[in-house]
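Please have the viewer open as you read.

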Amino acid sequence: VDLILCESVASVVHATAAARGAQAAGKPVWLAFTVDDEDGSKLRSGEPLADLGPALDGVEAVLANCSAPEAMMAAMTALKAFGLPFGAYANGFQQITKEFLKENPTVDALTARPEMTPELYAGFVMDWIGMGATIVGGCCETGPAHIAECARRIRVAGHTIV
């Protein structure tokens, strides 16, 4: 194990507990936050990402994950402010609404976005990189073709993939 990645963290309390628990393993800890699909500057709990500061003590990277690609630009702005390596890996679902989250949600009730082609998704990824993101990828409903197109575009832009 090279690092512990706690993902789809949805609240400040969740972030604090995940970080402290993961740090007990003695490995680097990265936290990935699921953000509001309508306002990526907020966690799914409704709390601002800016409130995460105290929870990030000892965390080595921060990311946004499993949220709409369109929400990630606001998330990148908030995460960049922490001065840690940051990035995103979005999903390809139809919007995850607040109403959906109230009803014991399960992923099988969500549907994929047919317009989220590899080319469209890679465009979002390149925007995140343009904001300074150094860790990017894909989450639910992004597949090998999406990742291949991201890798192609990243290389064409002159970046190195490690």
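This is a predicted model: local features need pLDDT of at least 70, side-chain atom pairs count only at pLDDT 80 or more; totals for chains, interfaces and linings use all residues.

Residues are numbered from 1 along each chain as its sequence is written, and side-chain values use heavy atoms, with hydrogens and water left out.

Five helices and five strands make up the chain, and from the N terminus they follow the order β-α-β-β-α-β-α-α-β-α. Helices (H or I, at least four residues) and strands (E, at least two) are DSSP runs, numbered from the N terminus.

Some values for the whole chain:

| Property | Value |
|---|---|
| Span of the C-alpha trace along the principal axes | about 40 × 40 × 30 Å |
| Accessible surface (Shrake-Rupley, 1.4 Å probe) | about 8,000 Å² |
| Distance between the centres of positive and negative side chains | 5 Å |

Carbon and sulfur atoms account for 58% of that surface. The charged side chains number 11 positive (Lys and Arg) and 19 negative (Asp and Glu). Of the 162 residues, 44% are buried, meaning under 20% relative accessible area with a 1.4 Å probe, protein chains only.

Where does His146 sit? His146 belongs to helix α5, residues 144-156. Its relative accessibility is 10%, so His146 counts as buried. Leaving aside residues up to four places away in sequence, His146 touches Met116, Thr117, Pro118, Tyr121 and Glu141, where contact means heavy atoms within 4.5 Å.

Key
Buried means under 20% relative accessible area, exposed over 50%, partly exposed in between (1.4 Å probe, protein chains only). The place of a charge is taken as NZ of Lys, CZ of Arg, CG of Asp or CD of Glu.
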